[in-house]
Amino acid sequence: MKNLILTTAALALTAGLAMADTVRMGTEGAYPPYNFLNDAGEVDGFERELGDELCKRAELTCEWVTNEWDSIIPNLVSGNYDTIMAGMSITAEREEVIDFTQNYTQPDPSGYLALSADVDLAGGVIAAQTGTIQASHVASTGATLVEFATPEETVAAVRNGEADAVLADRTYLKPIADEDDSLVMLEQQELIGGGIGLGLRESDGELKAKFDAAIASMKADGSLNALIEKWEIGEKF
């Protein structure tokens with residue numbers, strides 16, 4: 001029995017070593033242009049292209065996994081996947097639970113989308129996605145916060161009159177406004193968060209170092225800026 005236990009343990013260790021360079025990349029798949037599912041049902045977008053290149057430079061194999069936003073951090077911590085690459089801004093509150101690489105985007109201005117330009121942002125009803133920096137910001141103001149599980153639902157709440165406006169990354173909202181004449185991007189913007197980074201478990205320091213080095217190399221050779229420009233993400237480095 002002891003020999004069997006030892007053999008089983010050895011096999012488990014060997015399997016762990018064999019899979020050590022296979023990284024499961026967790027994303028939402030519902031936040032274009034950062035991440036979304038294309039017509040083939042595959043993860044696509046800025047973060048898919050960036051993540052694949054980062055794994056290539058770090059000599060890692062990536063497997064993409066989608067997860068709903070409201071449980072994306074708990075499921076990282078519990079080991080369902082190894083990273084979060086889902087348009088997640090670096091904040092002190094999140095850093096109490098998980099670790100982040102250096103930012104791979106500059107802080108993206110958050111904007112308001114509404115049905116008219118005369119919305120009372122201070123005293124109105126503002127929609128935001130649950131667990132986002134935008135939801136935290138609205139909660140800190142005098143406005144009434146209504147939260148939804150997906151970004152699509154926040155926009156729908158404005159369209160159906162459930163909310164006066166939605167606060168989200170301007171990069172996400174502007175294409176929606178451009179395609180719908182009934183919606184208006186307001187001039188007011190909010191600068192919140194420290195840019196977007198790749199989230200990892202606090203115990204995965206070695207993996208963090210590999211991704212940090214890969215991000216730094218893409219900043220240095222200009223390839224990260226090229227992707228930011230291609231996907232119209234925001235300010236370049």
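Reader: Which side chain does the side chain of serine 223 join in a polar contact of 3.1 Å?

Author: In this predicted model, serine 223 lies in helix 9, residues 223-231. Leaving aside neighbours within four places in sequence, serine 223 is in contact with Arg57 and Met218. The side chain that serine 223 joins in the polar contact of 3.1 Å is that of arginine 57.

Reader: Which residues of helix 9 are buried, and what does their cover include?

Author: The buried residues in helix 9 are Ser223, Leu224, Asn225, Leu227 and Ile228. An α-helix has 3.6 residues a turn, so residues three or four places apart point the same way. The cover of the buried residues of helix 9 includes helix 2 (46-57) and helix 8 (205-221).

Reader: Which residue follows helix 9, and what is its phi?

Author: Helix 9 spans residues 223-231. The residue that follows helix 9 is glutamate 232, and its phi is positive, near 55°.

Reader: How many disulfides does a search of the whole structure find, and which cysteines form a disulfide?

Author: A disulfide is a covalent bond between the sulfur atoms of two cysteines. The search of the whole structure finds 1 disulfide. The sulfur atoms lie 1.8 Å apart, and the residues that form the disulfide are cysteine 55 and cysteine 62.

Reader: Is the disulfide of cysteine 55 and cysteine 62 right-handed or left-handed?

Author: Cysteine 55 and cysteine 62 are both buried. The torsion about their S-S bond is about 80°, so the disulfide is right-handed.

Reader: Is phenylalanine 211 buried or exposed?

Author: Phenylalanine 211 lies in helix 8. Not counting residues up to four places away in sequence, phenylalanine 211 touches Val23, Met25, Leu54, Cys55, Leu60, Thr83, Thr101, Leu198 and Leu200. With a relative accessible area of 0%, phenylalanine 211 is buried.

Reader: What distance separates the C-alpha atoms of phenylalanine 211 and leucine 60?

Author: Leu60 is among the residues that phenylalanine 211 touches. Along the chain, phenylalanine 211 and leucine 60 are 151 residues apart, while their C-alpha atoms are separated by 9.7 Å.

Reader: In the open sheet of 5 strands, what is the strand order, and which strands stand at the edges?

Author: The pairing in this open sheet is mixed, and the order is 5-1-6-13-7. Each edge strand has a single partner strand, so one side of each is left without a neighbour in the sheet; these are strand 5 (61-66) and strand 7 (99-100).

Reader: Which residues stand opposite glycine 26 in strand 5 and in strand 6?

Author: Strand 1 (residues 22-27) runs parallel to strand 5, with 6 bridges joining them. Strand 1 also runs parallel to strand 6, to which 2 bridges join it. Opposite glycine 26 stand valine 65 in strand 5 and, in strand 6, isoleucine 84.

Reader: Which residue in strand 13 is the bridge partner of threonine 83?

Author: Strand 6 and strand 13 (residues 199-200) run antiparallel and are joined by 2 bridges. The bridge partner of threonine 83 in strand 13 is leucine 200.

Reader: Which residue has its backbone oxygen 2.7 Å from a polar atom of the side chain of tyrosine 81?

Author: Tyrosine 81 is found in the loop between helix 3 (72-77) and strand 6 (83-84). At 1% relative accessibility, tyrosine 81 counts as buried. Not counting residues up to four places away in sequence, tyrosine 81 touches several residues, including Gly26, Val65, Ile72 and Arg201. The backbone oxygen that lies 2.7 Å from a polar atom of the tyrosine 81 side chain belongs to isoleucine 72.

Reader: How far apart in space are tyrosine 81 and leucine 227, C-alpha to C-alpha?

Author: Leu227 is one of the buried residues in helix 9. Tyrosine 81 and leucine 227 are 146 residues apart in sequence, and in space, C-alpha to C-alpha, they are 25 Å apart.

Reader: What is the handedness of the β-α-β crossover from strand 9 to strand 10?

Author: Strand 9 (residues 125-129) and strand 10 (residues 144-148) run parallel, joined by 5 bridges. The chain crosses between them through helix 5 (residues 133-139), and this β-α-β crossover is right-handed.

Technical notes: Residues are numbered from 1 along each chain as its sequence is written. This is a predicted model: local features need pLDDT of at least 70, side-chain atom pairs count only at pLDDT 80 or more; totals for chains, interfaces and linings use all residues. Side-chain values use heavy atoms; hydrogens and water are left out. Helices (H or I, at least four residues) and strands (E, at least two) are DSSP runs, numbered from the N terminus. A polar contact is a pair of N or O atoms within 3.5 Å; within protein, one must be able to donate a hydrogen and the other to accept it, and residues adjacent in sequence count only if both atoms are side-chain atoms. Contact means heavy atoms within 4.5 Å. Two strands pair if DSSP finds at least two bridges between them. A crossover is right-handed if, with the strands pointing away from the viewer, the path from the first strand over the helix to the second runs clockwise. A disulfide is a pair of cysteine sulfur atoms within 2.5 Å. Buried means under 20% relative accessible area, exposed over 50%, partly exposed in between (1.4 Å probe, protein chains only).
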